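Have the model open as you read.

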Amino acid sequence: MTPLQLFCQQLANGLTLGAIYALIALGYTMIYGVIQLINFAHGELFMVGAYVALTLVLLSSAGPLPSGIPWWMTLLVCGLGSMAAAGMLGAAIERFAYRPIRHAPRLNALITAIGMSFFLQNALMLLYGATDRHFPNPIPLTRWEVGGVTVTLMQLVVWAASGLLMVGLQLLVMSTKLGMAMRATAQDLKACALLGIPVDRIIATTFVIGSAFAAMGGMLFGLHYGTINFHDGYLMGLKAFTAAVLGGIGNIPGAMVGGLVLGLLEGLGAGYLSSQWKNVFAFLILVVLLLFKPRGLLGERVADRA
Amino acid sequence: MPALLEVERLTRRFGGVVALDDVTLSVEQGETVGLIGPNGAGKTTLFNCVTGVLRPDDGEVRFGRGPMESLTGLAPHDIAQCGITRTFQNVRLFSGMSVLENVLVGTYIRTHAGLISSMLPSAEARREERWAQDRAMGLLELVGLAGRSHEMAGALPFGLQRRLEIARALSSDPALLLLDEPAAGLNAAEKQALLQLIEQLKGQGLTTFLIEHDMRVVMPISDRVVVLDYGKKIAEGPPKLVQENPRVIEAYLGTSTTVNREP
Amino acid sequence: MEGFRNQTVRWAIGVIAALALPILNPNPYHLDVLTNALLYALLALGLNLIVGLAGLLHLGYAAFFAIGAYTYGLLNLHWHWPFWIGMIPAAIVAGLSGVCLGVPALRVRGDYLAIVTLGFGEIVRIAFTNLEQWTGGPNGLLGIAHPKIWIPGRGLIDFGVASMPYYYLVCITTAAVAVVCVRLSRSRIGRAWVAIREDELAASCMGVPVLQLKLLAQGCGGAIAGLAGAIFASKQGTVTPDSFDFILSVMVLAMVVLGGLGSIRGAILGALLLGSLPELLRWFEQYRMLLFGLTMIVMMRLRPQGLFGRSSQGLAPDRAHAGSA
């Protein structure tokens, strides 16, 4: 492999990881946007998505369904199923854990979120076991060589799925009434409530969308790596949060860019530097960024509301 | 009387808005000066520049009994150390602390116990603490809050919160007290009590610089009144003369619209 | 001053009960559980200075604990420093790292500070794991000396793996630190910390040097964690990086919040409760972290100010940014 080919290969790998980060980061950013809460449980919703998808994939391969179903059909059903499950769970968490303390001091909400994260993580462990679970991949192992760089069908699926979701979200937020209400709520929750915007419903919707996106990220993560563990949500959540901060928290296009940038940096870093320190990169980037550019790369929102 | 505070050619912009435009004024020792002007005239911005909360874009603030020192670039806590303390337009008490503790915080700069003598028994620290407690109780008595010293500051009625804020500002024994709309939100009786308190402080030789909207408060107690409009000083002088100044009347009754220009 | 005296009496009863306990119930398992809970209490006291008094939300507190443990461990393994001397640099190094972290970290506030400190905690842990030539990597440091004490007539006694000596060591240290914390919280410095927590701008306008005091809080909190770390290392005889994970930071934070922000007896009681909870929930082995998470959620809902919190204000009240200039 020539150095250029190696670089392009790392780029392709980084973009795949980055697309998954971006999907999770969107939820962080949207939720922070409307209620200024770092939803620590978001990484766990990602894991819920991964496990539900796993269950559905297992069911579809062993279940009573006829075997002639094309692989993309299976994937679509599993993806939608896990998004729906995580979306409902996200809404339930908002309704029963976060809403009652929305007006309490910020620290309380943060602790609740951390508690929720512990709860979900351990619930997943009890349900699915503490060991790595194999994630069967229905996608055929097709691969193409483009100028010496290998691109798999798997990677194309990740790019297509995350690309479609992000475009859809952008359309929803920028050109529908619901999206306008969401943007308005992010600007000023109290004023929106006074203007008769159903703030509770908007916030719940934000949780549903954010959680569903995380779930899709979870499924793609499982497909990409082939195994999942209940622990994975913590680190992926933190990295996705880094991505959200990278793009300027509260900024939706920022989260997408942040996810891709972080994925690329990590892909390149792991390729050229040591992979042992891989996880430190993300944290170093996060810390340095917060210290010197707390509004993120694209963000113009004032970050510090405390 | 020599000047205590000198503000020279002070300018502060917020984006395109010029909140303070080349303002020059001074406050002399022992004087009570009122700062008036319509909403958004730049009064609080001036206070914020004097107390180091905001950096002026241009100009200088000087302060001192005797030799004047520049305050430009100093942090708020350094300026408090120099002898200027303030209250806030929308009361900013430490609401989770007791009334007494609020006042004690103000004695921080007049006490010196370090980490070690705060942690371990120390006669010096104990003496200092007793002094601070006595001073704080004395001030609470002055503002009429001695009986409620152990209540939570945030639980006090609003009128008393304003008085507590004054006691807190006084506890470091400042040379200059800045009051930002001390009468706002008070009823007639409370305003009367406030006037008496300011009179009393004046009797003790304290220099006071106050922002006030209510002419019935500011006119009787001020030796001198400075008027700001659109960030510019438009008039200055004894209350009577200022009240009759046509530019002031115009600024208040206004040809301009009554848009809130507060930054 | 009647209330003050009552409180002193209550504290005294608590301390005497704690000291008499091993004589009444010498069960080593119970003592071990209590020793661990008291070690948590020591950590909670330190974190309470940072989060409870100064209002700085810190999510990487375990890093200071780790730094203290490794400092003593390395000093002991390489230069044979005894525990009683080694714990001093352990506290100092951890305290200084708190100050050093504070210099850049205090540029950000609120949630962002929480994330920066979380990142710091993770970086420290991963660094201890990866710097194998110095820290022994994932296996950690082995063979750290236990404390020794000289008793007249019996010579030099090694604490070894017995339970009782550590119980007394931790008990006395925690009590001493608690006294220091109480004194500190009633001093001008403690009041200034709370003032910063309540309203930073107003505090600075009253003459409180905000940055300096925040650094001091980080330093003091870090030093207490460092001391706890040295005790932990000497008791275990080994330190491994995975003892200092994010969950530990969160556990200690939850103890402080359960006790009530800023309350010293709250921090101790919160730590004793939550610190022994996993042991009490032993029968539920697998469920205990699940229940721990649930406890946190329910606690925030039912008693947001904690057991002994006196205000429901907590951190960064809305009021602080509600007003205009």
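No salt bridges (a Lys or Arg side-chain nitrogen within 4 Å of an Asp or Glu carboxyl oxygen) turn up between chain C and chain A. This is a predicted model, so local features need pLDDT of at least 70 and side-chain atom pairs count only at pLDDT 80 or more, while totals for chains, interfaces and linings use all residues. Residues are numbered from 1 along each chain as written, chains are lettered from A and ligands numbered from 1 in written order, and side-chain values use heavy atoms, leaving out hydrogens and water.

What about contact (heavy atoms within 4.5 Å)? Here 49 residues of chain C touch 45 residues of chain A. Together the two chains bury about 4200 Å² (accessible area lost on being put together, 1.4 Å probe, summed over both), with carbon and sulfur atoms giving 76% of that. On the chain C side, C:Asp111, C:Tyr112 and C:Ile115 lose the most area, together 17% of what that side buries.

Domain 1 puts 19 residues into the contact and domain 2 puts in 11.

About 1200 Å² is buried between these two domains, 67% of it from carbon and sulfur atoms. B:Gln81, B:Pro174 and B:Leu197 lose the most area on the domain 1 side, together 35% of what that side buries. As for salt bridges between the domains of chain B, the count is zero.

How values were computed: Contact = heavy atoms within 4.5 Å.
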